[in-house]
Amino acid sequence: MKIFTPDAPEYQSVDTSKLVLVQMDETISDTKFEGKPIGFFKDAAIRFCRNKGSLIAFFVILVMIILAIFGPNFNDYGYNEQNGDIKDLPPKVPGLCKIGIMDGTRWMEGRQLYYDPNTGAGIYLDETKSLDRVSEKYAGCILKVEETGEVIAGKEMCRVKIDYYKYVGLDDDTYFWFGTDYLGRDLWTRLWRGARISLIIAFVSTFANVAIGLVYGAIAGYYGGWVDMVLMRITEIIAAIPQIVIVTLFMLYFGAGLTSIIFALLIQNWIGTARMIRTQFYRYKGYEYVLAARTLGVKDFALIFKHILPNSIGPIITRAMIAIPSAIFTESFLAYLGLGVQAPDTSMGILLSDGQKSLMQYPYKVWCPAIVISLLMIAFNMLANGLRDAFDPTQRGV
Amino acid sequence: MEANLNKEPILKVNDLVVNFNAYAGTVQAVRGVSFELYEGETLAIVGESGSGKSVTTKAVLGILPKNGRIDGGEIWYHGEDMAKYTEKDFYNIRGKKISLVFQDPLSALNPIMKIGKQIMEALILSLKMPKAEAKARALELMKAVGIPEAEVRFEQYPFQFSGGMRQRIVIAIALASDPEILVCDEPTTALDVTIQAQILDLINEMKAKSNVSVIFITHDMGVVANMADRICVMYAGRIVEVGTADEIFYEPAHPYTWALLSSMPDLDTKEKLFAIPGAPPNMITPPQGDAFAPRNKYALALDFEEAPPYFKLSETHYAASWLCHPDAPKVEMPEILKNRIKRMKEAEEKHGK
Amino acid sequence: MLKYIGERLLAMFITLAIILTLVFCMIRMMPGGIYDELEDITQEQLDALYAKHNLDKPILVQFGIFIKNVVTDWDWGYSLKLQPNQTVWGILGDKIPITIYENIFSLMISIPLGIGFGILAAIKKNTWIDHVISVMVVICISVPSFVFASLLQYFIGFKLGLFPIVYEPGSTGFAMFYSMTLPIVALALNPIATITRYLRAELAETINSDFMLLARTKGLTEAQATVRHGIRNSILPILSTLVALFTNIMSGSLVIESIFSIPGMGGLMIKSINAIDYNVTQATLVFYSLISLGSILLCDLLYGVVDPRVRVGGKKE
């Protein structure tokens, strides 16, 4: 605690000429707040960009959307181009195949070591075990033979690594980046076509979900009273039915297909949005600024859209971002139940559930769609988190 | 209302500096605060929101938020510097020697724990009191703070209590272990005006019974008048004036104290109520010199350049304003305040306070 | 409290009635006849089949008969096509316990793990532990359970051979649990992450609450205050998410069961849907509704027990 003592050297040097009143006659007005005013969206954008995770998520989603739109055209295969001769091909990517991954090879288990002219099975023609002397079927495509030492019905067994593309008679320049499915269709094309369908389902159903929820919630929250009571009772009843039950019923009744999936996703999902909007309206309609606007004669319509709704934009966008991955999930889920889009069209769920049937033999058929769907879901969830934090800094880290 | 000059203070805070790491930068919440607390007195710390009064007492109790830290100064208590205490050291102080009464009794009590248990908890866990004894003590405390039907209330939950009742419980919890110092952080702000007076009376009553020293934080000069022996006026993380209640009310010396007293509503003032112009400074970049200068009609040129030291006005009265410098122009306090002080003095003589 | 329970029960029965009506009528109004693909069948035989299952009567009459049979004899009718001439209840009876085990086990491992990780993350907020947990949470919440199921089945089951890749029918006791390990883990990851995220948020907020501060200023250590006030108060709101979690696990198990060939309700439902077996489908749907409504009711009652504001005041604040 510094106490003034006239004799202390530090106070000797005090410039007494400055002991003069300087703003006695000035009117001191409230000073302007320092710093530039930042708009709501700019503020949110700044906060959003500081969050590395959600920025990355945003770009992942962007890339996925671009691939879903253009990916199927990156090669010349059609999504429904069937060819029984080239079914179940493993992935083969130019460049990567040089370093031994996704090179179109496959281990074949349980082969006979020696060629048996009676059955046509077996690898080596004689005991030299030379790759030049193999049965015609395998000629030129065997990369490695591993003897397992097993003997079945008097025959020595082995497993072989073969260039599967050569094996089915394709030349070296043929590539199926993600392999082919059980009908010989190119999985790259099908995957991105499936992603396109899944994203369309997700975006359309989410858009409709927000639109319905917004109108419904706004009416309930703004008008309150018995309108609110009736509207909310209706949502309670719909929400009480388990989602699997209502969605299954809906799909059974209207049949599988793009539109009915979108509607099935909608049945219950809009309720959450409606409730959120209603709460927002309830809160804000009691605020003084709304009352003030009302006393000035502002019409209901303007009150709803100009004075109350803008407060809800942040939560609405966040909610939509959460609804998208959950729609993607539900679509895949329905596909597993056999209630997905109709063949020959495909979706990520259909690809996953088809691939699952032969997981042990051809795991790549599951991994490709699994990675895409997981990346999409993670990215959308991270984006939603980032947006929530950006729009509502008080929720940071929650 | 005599200051205890001859006594040793039980708590002595010296040049305390508290900073917060915030989103936008380092907030200098407390910038060199010094004060003493004597046994049995009530020291009021007055200031507007954000002046650092709550932060000062939180530092004393060792309950600064995680992003806050003591960056300088000492807090002397029983010969030890609490500024260097660890969480473990504070454990032996909090609730035993120093207690806190919160601003908002609605959120200060755990909503899903019975009232009785919340009072007993500290007695059992921290003072190692047997359960039966703790219960008896809790009931005794509840009666002491004026809870009717204490036995019934003991088994109830906070949501069954009114705001004033809850604040009584919070006071009972604070007094449970006979602390030496009771810190009241705006204990009446969240309450109805009619309840406020009851709670203030209760604090005074409890203080008289147990001779506890009270640090009373408030922004309400009206409340201070009834409670305080001595008053510290805080502005922008510093104490700008300190003195006995009489000195602060009747002979204020700092322009900020003048402004505070002028802006206090009372029944007799006919003029328009005074409002302090401008806004409190941004504590990330506090102004050089006297922080109040930009809002101060009586600011001197030097105020904008150099922070004023404390000028001793009496044994107990100090003010940090260059206006008190012997060479400074003599400035009279505003007319409105002069009239008001005159009225206050008359009223006091009339009531023989 | 009694009034509160009564209200909940009444609400549940009304919902159940609505669901029953909806399920019954919608399934029966589905396009396409159920015996369409039986080609070499005479009209008389078809009529006889219809009459046997009351399919020739108006829908409301059918509904009446159905309700009467269920209420009086617990008779859910016969399977129409899946396993013709077997009672629906007979088919369901075998499968319900398996599905229940699987779901309850998943929930039982996810609650303690989720609470544990949530507390850890909240107490160590903004340290590397918290960050690692948060990353895991985002992954486990985002990646669908059936993707996890495929991963587990292929790598843990097939490549490493640690656990069976499919359920072993007829196994009991530990063997059953062992062969269900992978599906249970696949189902539990999402709930664990959900509970962790929720508890972390709740606890982080509670830790900053005034009553936690009061607990410390009245002389409790930080650990005591966290345990007695923080954790107890933040676990309470988790109860309300358990319903959603359990329904999530239930619907997840539909797919997981088919991936791991578990002969439970999920597989049955998929099969009955594809075979257009009205009676079985409607019974499975009612089963799922009952489970979900039951868990909502249970949760409401639990709330009443643990939250004094409900127990004493009779309402949720």
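A residue counts as buried under 20% relative accessible area, as exposed over 50%, and as partly exposed in between. That's why C:Phe158, with a relative accessible area of 38%, is called partly exposed. Keep in mind that this is a predicted model.

**Where chain A meets chain C**

- The contact draws on 33 residues of chain A and 44 residues of chain C.
- About 3500 Å² is buried between the two chains, and carbon and sulfur atoms give 80% of that.
- On the chain A side, A:Leu249, A:Tyr253 and A:Met360 lose the most area to chain C, together making up 18% of what that side buries.
- Five helices of chain A each supply at least two residues to the side touching chain C: α6 (225–240), α7 (243–254), α11 (313–336), α12 (348–356) and α13 (364–391).
- Of these, α13(A) gives the most, with 10 residues.
- Sorted by class, that side of chain A has 26 nonpolar residues, seven polar ones and no charged ones.

**A buried serine in chain C**

- C:Ser272 sits in helix α11 (residues 265–275) of chain C.
- With a relative accessible area of 0%, C:Ser272 is buried.
- A polar atom of the C:Ser272 side chain lies 3.0 Å from the backbone oxygen of C:Met269.
- The side chains of C:Ser272 and C:Thr281 are also joined by a polar contact of 3.0 Å.
- Leaving aside residues up to four places away in sequence, C:Ser272 touches C:Leu82, C:Asp277, C:Val280, C:Thr281 and C:Thr284.

**Aromatic rings**

- Over all chains, a search of the whole structure turns up 27 aromatic pairs.
- One of them is A:Tyr287 with A:Tyr289: the ring centres are 6.3 Å apart and the planes stand at 80 degrees, so this pair is edge-to-face.
- Both tyrosines are partly exposed, A:Tyr287 at 37% relative accessible area and A:Tyr289 at 35%.
- C:Tyr154 and C:Phe158 make a tilted pair, with 5.5 Å centre to centre and 40 degrees between the planes.
- These two lie in helix α6 (residues 145–159) of chain C, four residues apart, or about one turn of the helix.
- C:Tyr154 counts as buried at 8% relative accessibility, whereas C:Phe158 is partly exposed.
- A:Phe329, A:Phe333, A:Tyr336 and C:Phe146 come together in one aromatic cluster.

Terms used
Residues are numbered from 1 along each chain as its sequence is written. Chains are lettered from A and ligands numbered from 1 in the order in which they are written. This is a predicted model: local features need pLDDT of at least 70, side-chain atom pairs count only at pLDDT 80 or more; totals for chains, interfaces and linings use all residues. Side-chain values use heavy atoms; hydrogens and water are left out. Contact means heavy atoms within 4.5 Å. Buried area is the accessible area (1.4 Å probe) that two parts lose on being put together, summed over both. Ala, Val, Leu, Ile, Met, Phe, Trp, Tyr, Cys and Pro count as nonpolar, Asp, Glu, Lys and Arg as charged, and the others, Gly among them, as polar. Buried means under 20% relative accessible area, exposed over 50%, partly exposed in between (1.4 Å probe, protein chains only). A polar contact is a pair of N or O atoms within 3.5 Å; within protein, one must be able to donate a hydrogen and the other to accept it, and residues adjacent in sequence count only if both atoms are side-chain atoms. Rings of Phe, Tyr and Trp (its six-membered ring) pair if their centres lie within 6.5 Å; planes under 30 degrees apart count as stacked, over 60 as edge-to-face and the rest as tilted.
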